[in-house]
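Have the structure open as you read.

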Amino acid sequence: MPSVGVKFQSALFKLMFKRHMLSLGGAAAAATKHDGNGVVSSSSWSSSAAAATTPANASFVDGVATKDINIDPLLALSLRIFLPQSALPNHTRAVFLGKVVDKQFDSEDNNSREDNNNNFGDWIHEDELQILDSTSRRRSRSGSTTTTTTGYQGYTPSNSITNHKKLPIMVQFHGGAFVSGSKDSAANDIFCRRMAKACNVIVVAVGYRLAPEYKCPSAYEDGFEALNWLAKQANLAECSKSSTHVPAGFMRKGSDSYKELVDSFGNFALEPWIAAHGDVTRTIVLGVSSGGNIADHVTRMAIRAGSSLEPVKVVAQVLMYPFFLGKLPTHSEMKLANTYFFDKASCLLAWKHFLPSTEFELDHPAVDPLVSGREPPLKQMPPTLTVVAELDWMKDRAIAYSEALRKAGIDATVLEYKDAVHEFATLDVLVKSRQAESCAEDMAIWVKKHVSDKGTEFSY
């Protein structure tokens, strides 16, 4: 059974979450506020620990650098990229993208070549800038050092590099019952950093729009737009390979080349972290709670899109205690309805906020993954890992969905954790627990199996 501390935190969380659900349906909904990233929260909920956020940091902290990108100003759709330090090669020739400043070595820095070596590369010629972060520097033959002022900026590999390392992309959707949470919450930042390092992937957390202001299918559309952005980034990167010089920002605005690219790809700038280190042909979609529901729908949208998303390929999906429900109650939905943190009554209110009022039905395709007529057929789905908690009332439907995938011939694995509660590996008060760390380690084993170079045979 959960500890006394977890039970206390659960009782407090349920009280605050229910107040939040009720406030969204009343006059307080008019007082909702935006954080500029598509996140909507009421004042009563934003004062809680669940609303604490962590700023992005482009320097490598604990092995991961982060940055925020707004990919659709009209929708305030933003992403947070988590780049593991393992993506950086130890020795490379590169063109650095970003502001650099030259500083002279002082006397105490006038050490040997070996002493001045660092994690990002060896000594290089003056015209071959080294990969750096905000605390790194290199010495050229002229005796000066070059350092960045704004953290790791990314780079374009030299054409001579034939074995340049690229990491899979993990597109992540946070939880929060469709009505709360954010890509940059403290808990989500910890979780995404952990996954980036454990799985050796670039995590792209999506700041999708929240209900009730944005009803279904807004969150699904935002998730698909993130995949579409990745596809455009990959195509832009391919275009840049033919260039002998790639200035910061990719191309000067107003030039003929820039206008041609805008016509082809839209007004997107080349994102250097994705261009240098990302392999979109090995994309994993991961979702937490309501994010698990979104992940499943976005994967389906990607399959239906087919070649229009090329070169993006969703090779696997991970559904962590996915937010599913249905008209016919399962055993766990009856027995554990009033269990820890997210109880069934509050989640029903969340579904009423998420679905258009004229479409609220528990057999709605957005709600029940096993409802007949959903497209595409299950046999076209990618390998799927489902994580469930023993004390979560949603677990039986998630397990039933996994069983249906297996019957359709899909590699569908279920990991169930004893004495665990909903969001046991991602909630702010639980994310640092040993059980959460063990879950990440288990998921990493599965993810690495399905994104290895030998494991990319899956096709829509």
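The structure holds 14 aromatic pairs. Rings of Phe, Tyr and Trp (for Trp, the six-membered ring) pair if their centres lie within 6.5 Å; planes under 30 degrees apart count as stacked, over 60 as edge-to-face and the rest as tilted. Two of these pairs are set out here.

| Aromatic pair | Geometry | Centre to centre | Angle between planes |
|---|---|---|---|
| Phenylalanine 13 and phenylalanine 17 | stacked | 5.8 Å | 10° |
| Phenylalanine 17 and phenylalanine 342 | edge-to-face | 5.1 Å | 75° |

A word on how to read the model: it is predicted, so local features need pLDDT of at least 70 and side-chain atom pairs count only at pLDDT 80 or more, while totals for chains, interfaces and linings use all residues. Residues are numbered from 1 along each chain as its sequence is written, and side-chain values use heavy atoms, with hydrogens and water left out.

Helices (H or I, at least four residues) and strands (E, at least two) are DSSP runs, numbered from the N terminus. Phenylalanine 342 lies in the loop between helix 8 and helix 9 (344-354), so its pair with phenylalanine 17 of helix 1 ties together parts that are 325 residues apart in sequence.

Elsewhere, ring pairs join Phe178, Tyr220, Phe323, Trp351 and Phe354 into a cluster.

Glutamate 333 belongs to helix 8 (residues 331-335) and counts as buried because its relative accessibility is 1%. Which partners does the side chain of glutamate 333 reach? There is a polar contact of 2.9 Å with the side chain of arginine 397, and the backbone nitrogen of threonine 330 is reached at 3.0 Å. A polar contact is a pair of N or O atoms within 3.5 Å; within protein, one must be able to donate a hydrogen and the other to accept it, and residues adjacent in sequence count only if both atoms are side-chain atoms. Residues that glutamate 333 touches include Phe324, Lys344 and Trp393, leaving aside those up to four places away in sequence; contact means heavy atoms within 4.5 Å.

Helix 3 (residues 186-199) is mostly covered, with 10 of its 14 residues buried. Among them are Asp189, Arg193, Arg194 and Cys199. Just after helix 3, asparagine 200 takes a positive phi of about 55°. The buried residues of helix 11 include Trp446 and His450, and helix 3 is one of the elements covering the buried residues of helix 11.

Finally, the cysteines. The structure holds 0 disulfides, a disulfide being a pair of cysteine sulfur atoms within 2.5 Å. Cysteine 199 is buried at 2% relative accessible area, and cysteine 216 counts as buried at 13%.

Note on methods:
Buried means under 20% relative accessible area, exposed over 50%, partly exposed in between (1.4 Å probe, protein chains only).
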